[in-house]
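Me: I would like to go through this model with you. Could we settle terms as we go along?
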Amino acid sequence: MERGLPHGRPDAGSVTVLTPNSAKKFILDNTALMAPPHVPEILLHLADEAHDLWQRTEDELADIGLPPPFWAFAWAGGQGLARYILDNSSDVHGKRVLDFASGSGLVAIAAVKAGAAEVIAADIDPFCATAIRLNAEANGVEIEFLGTDCIGTDAGWDVVLAGDVYYDRSFADRLMPWFAMLKARGADILVGDPGRSYMPKTGLDPLAVYEVTVTRALEDAEVKRTTVWRLA
């Protein structure tokens, strides 16, 4: 999930610039390799109750510029979308795919496994570059990472995948014109959403519904009813 931009991490009591090496150490120290409940075919470096990473980052690390670690969790929308892609591989097979607000890279990995010709994982959180690389390696796949804000751009993707992107009103307001522009020129837009507050009420057709197990520390329930939608 595309959320924020960290500027550094703790190192011997000082703030240092985030580097691939420091990000790798932070990720490996604070996560374990495990399969998301709804997508057992895929392994990710995820935080669990033993790591308590969400609470630590919010309470202790925010002061030095670290955002909440959205990349360390398999969110319901992403799990549902990844499940759909694996079960309906023809939607991405042989195509050039953008996984927008990729977070852990779960949906991007699913797209590669489903036979996509090329997969680009986009997220503005620099941690995601390292997290997605580690997760891709764990699954034996290759994914290109895009670390810039790509809203409003068009690099000719055949399919755009977006899990859990309707959590914020201003962010959601930016997405719909962009998605509509891509759809108008022929791209297929697939969205995974467990009922986030700013999910559009119109213009989307439901493709599948899943009951997805999630981390109670992050959600208001242990199972989230998650729908995969196609932009109409």
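Me: What sort of model is it, and how are residues numbered?
Reply: It is a predicted model, in which local features need pLDDT of at least 70, side-chain atom pairs count only at pLDDT 80 or more, and totals for chains, interfaces and linings use all residues. Residues are numbered from 1 along each chain as its sequence is written, and side-chain values use heavy atoms, with hydrogens and water left out.

Me: How many helices and strands does the protein have?
Reply: There are six helices and 11 strands. These are DSSP runs numbered from the N terminus, helices being H or I with at least four residues and strands E with at least two.

Me: What share of the contacts comes from residues 24 or more positions apart?
Reply: Among contacts with a separation of 6 or more, such residues account for 68%. Contact here means heavy atoms within 4.5 Å.

Me: Now the largest nonpolar core. Which residues have the most contacts inside it?
Reply: They are W71, I85, V97, I143 and L161, in a core of 49 residues. Two or more residues each come from α1 (20–30), β4 (44–46), α3 (76–87), α4 (106–113), β6 (118–122), α5 (126–138), β8 (159–163) and β10 (204–213). A nonpolar core is a set of buried Ala, Val, Leu, Ile, Met, Phe, Trp, Tyr and Cys residues joined through side-chain atoms within 4.5 Å. Another core, of 24 residues, lies apart from it, with I120, C150, W157 and W178 among its members.

Me: And what is L161 in contact with?
Reply: Leaving aside neighbours within four places in sequence, L161 is in contact with L81, I85, V97, L98, D99, F100, V107, A111 and L190.

Me: Back to α4. Is it mostly covered or mostly open?
Reply: Mostly covered, since six of its eight residues are buried. Those six are L106, V107, A108, I109, A110 and A111. The elements covering them include β4, α3, β5 (96–100), β6, α5 and β8. Just after α4, G115 takes a positive phi of about 100 degrees.

Me: Where does D164 lie, and is it buried or exposed?
Reply: D164 lies in the loop between β8 and α6 (169–184). At 1% relative accessibility, D164 counts as buried. Although not a glycine, D164 has a positive phi of about 55 degrees.

Me: New topic: how many aromatic pairs are there?
Reply: The structure holds 10 aromatic pairs. Rings of Phe, Tyr and Trp (its six-membered ring) pair if their centres lie within 6.5 Å; planes under 30 degrees apart count as stacked, over 60 as edge-to-face and the rest as tilted.

Me: Why is the pair of Y167 and F171 tilted?
Reply: The ring centres of Y167 and F171 are 5.4 Å apart and the planes are at 35 degrees, so the pair is tilted. Y167 is partly exposed at 27% relative accessibility, whereas F171 is buried at 9%.

Me: Last one, the largest pocket. Which residues lie nearest its centre?
Reply: M34, P37, L46, A47 and T215 do, out of 15 lining residues. The lining divides into 10 nonpolar, three polar and two charged residues. Ala, Val, Leu, Ile, Met, Phe, Trp, Tyr, Cys and Pro count as nonpolar, Asp, Glu, Lys and Arg as charged, and the others, Gly among them, as polar. On a 1 Å grid over the protein atoms alone, a pocket is an open set of points where a 1.4 Å probe fits, with protein on both sides within 12 Å along at least five of seven lines; lining residues have an atom within 4 Å of a point.

Me: And M34 itself?
Reply: M34 is in strand β3 (residues 32–34) and is partly exposed, with a relative accessible area of 23%. The C-alpha atoms of M34 and L46 are separated by 6.6 Å, though the two residues are 12 apart along the chain.

Technical notes:
Buried < 20%, exposed > 50% of the residue type's maximum accessible area, 1.4 Å probe, protein only.
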